[in-house]
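Here are my notes for you on this structure. Keep the 3D view open while you read, and take the points one at a time.

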Amino acid sequence: SIKDSHESCIAFYNGKLEEKFIREHRLSSIMRQSLKNHEFIVFYQPKVNIYTNQCVGVEALVRWRRQDGNMIYPSEFIPLFEKNHFIIDLDMYVLEQVCIQINTWIKQGKKPLPVSVNISRVDLKNNDIVKQIVEICDTYQINRSLIELEITESAFLENESIAIERSKELKAEGFLLSIDDFGTGFSSLSLLKDLPMDVLKLDHTFFQTQMNKREKIILTNIIRMAKQLDMTIVSEGIETRQHVAFLKTIGCEIAQGFYYARPNEINQLDLWGNFEGEDVS
Ligand code: C2E
Ligand code: MG
Ligand code: MG
Ligand code: MG
């Protein structure tokens, strides 16, 4: 009968829900345990001045190294962690590791490099986030102008007013702000108008295909305008000498990409050395 099938449907649905709950609960405890076990490690990727071949800053990029040695990349776990909000803990952990690294440089007598840290759209919705970020940096006595917070352009499309509000608060606390993956969303120009951003990171998709004349004119002028607004332009995903030559024609001096260096563990990188660059084959 209809009633029977309805009831079995509910039973089935509840069973599914319970299973899902258990699965998610198990995942949460795995993540918390992994954080305690230091399975999350911070890699760094240099940003290089294409005229001097010197590193001008680095981006912190997290990896998950499981105890069996398996390395898991952010694209596999960030969406999941954003869903269950574990990303907030993870991002604060990364920020803390970055603060420790900056103090290590200072202790070694090196001039500390600015470090960018990725801030998830989910972090921005958390009422406490500004306080948490400030507290971590204060605990390690880090000069806030060494910390650049990267917020992906699409975060502003989703919850525009909260994201803009939080960005202004973070800026007022003295952090540098960066729009990540610029050019992949649609609100690019209004963002430049409304946001107190210091850095604009051009998305790698700009450099993957040959640009036509119109596209190139638009990009060149966005860069010119952003510079007049006192922003620094950084290009992501630079892989070849042709890419570098193209950056020269559009007026972007800072590049991040496999051409100069892949993200790596800090002790595998000579950040104060010369970055010659080599085509990705
Ligand atoms: P993103 O912030 O745009 O970081 C740049 C990504 O491009 C990195 O991927 C980097 O390894 C990759 N990349 C750099 N140069 C090249 C190149 O020349 N060619 C190619 N094909 N790729 C290049 P990764 O490390 O896998 O991170 C992917 C994304 O995951 C990041 O994109 C960022 O959105 C997110 N992510 C990484 N670490 C964190 C983190 O600690 N917290 C948060 N919330 N998100 C993170
Ligand atoms: Mg980034
Ligand atoms: Mg990016
Ligand atoms: Mg990206």
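This is a predicted model: local features need pLDDT of at least 70, side-chain atom pairs count only at pLDDT 80 or more; totals for chains, interfaces and linings use all residues.

1. Residues are numbered from 1 along each chain as its sequence is written, chains are lettered from A and ligands numbered from 1 in the order in which they are written, and side-chain values use heavy atoms, with hydrogens and water left out.

2. How much of the protein is buried? Of its 281 residues, 46% count as buried. Buried means under 20% relative accessible area, exposed over 50%, and partly exposed in between (1.4 Å probe, protein chains only).

3. Now look at the magnesium ion (ligand 2). Glu59 (OE), Asn118 (OD1), Glu150 (OE) and Asp180 (OD) coordinate this ion at 2.0 to 2.3 Å. Donors here are N, O and S atoms within 2.8 Å of the metal (3.2 Å for Na, K and Ca); water is not among the atoms, so sites may look incomplete. Along the chain, the donors of ligand 2 follow the spacing E-x58-N-x31-E-x29-D. Asn118 lies in strand S4 (residues 115-119) and Glu150 in strand S5 (residues 147-152), so this pair ties together parts that are 32 residues apart in sequence. Asn118 is partly exposed, at 26% relative accessible area, while Glu150 counts as buried at 1%.

4. What about the other magnesium ion (ligand 3)? Asp180 lies in strand S6 and Glu236 in strand S8 (residues 232-236), so the pair ties together parts that are 56 residues apart in sequence. Both Asp180 and Glu236 are buried.

5. Which residue bridges the magnesium ions, ligand 2 and ligand 3? That would be Asp180, and the ions lie 4.0 Å apart.

6. On to ligand 1, which is surrounded by 22 residues, the closest being Arg63, Asp91, Asp180, Glu239 and Phe258. To be counted as near, a residue needs a heavy atom within 4 Å. The side chain of Gln45 has an N or O atom 3.1 Å from a nitrogen of ligand 1. A polar side-chain atom of Arg63 is 2.8 Å from an oxygen of the ligand, and one of Glu239 is 2.6 Å from a nitrogen.

7. Which elements give two or more residues to the shell around ligand 1? They are strand S2 (55-65), helix H2 (74-83), helix H3 (86-107) and strand S6 (176-182). S2 gives the most, with 4 residues.

8. Last stop: Leu189, in helix H8 (residues 188-194). Leu189 counts as exposed, at 51% relative accessibility.

Note on methods:
A polar contact is a pair of N or O atoms within 3.5 Å; within protein, one must be able to donate a hydrogen and the other to accept it, and residues adjacent in sequence count only if both atoms are side-chain atoms.
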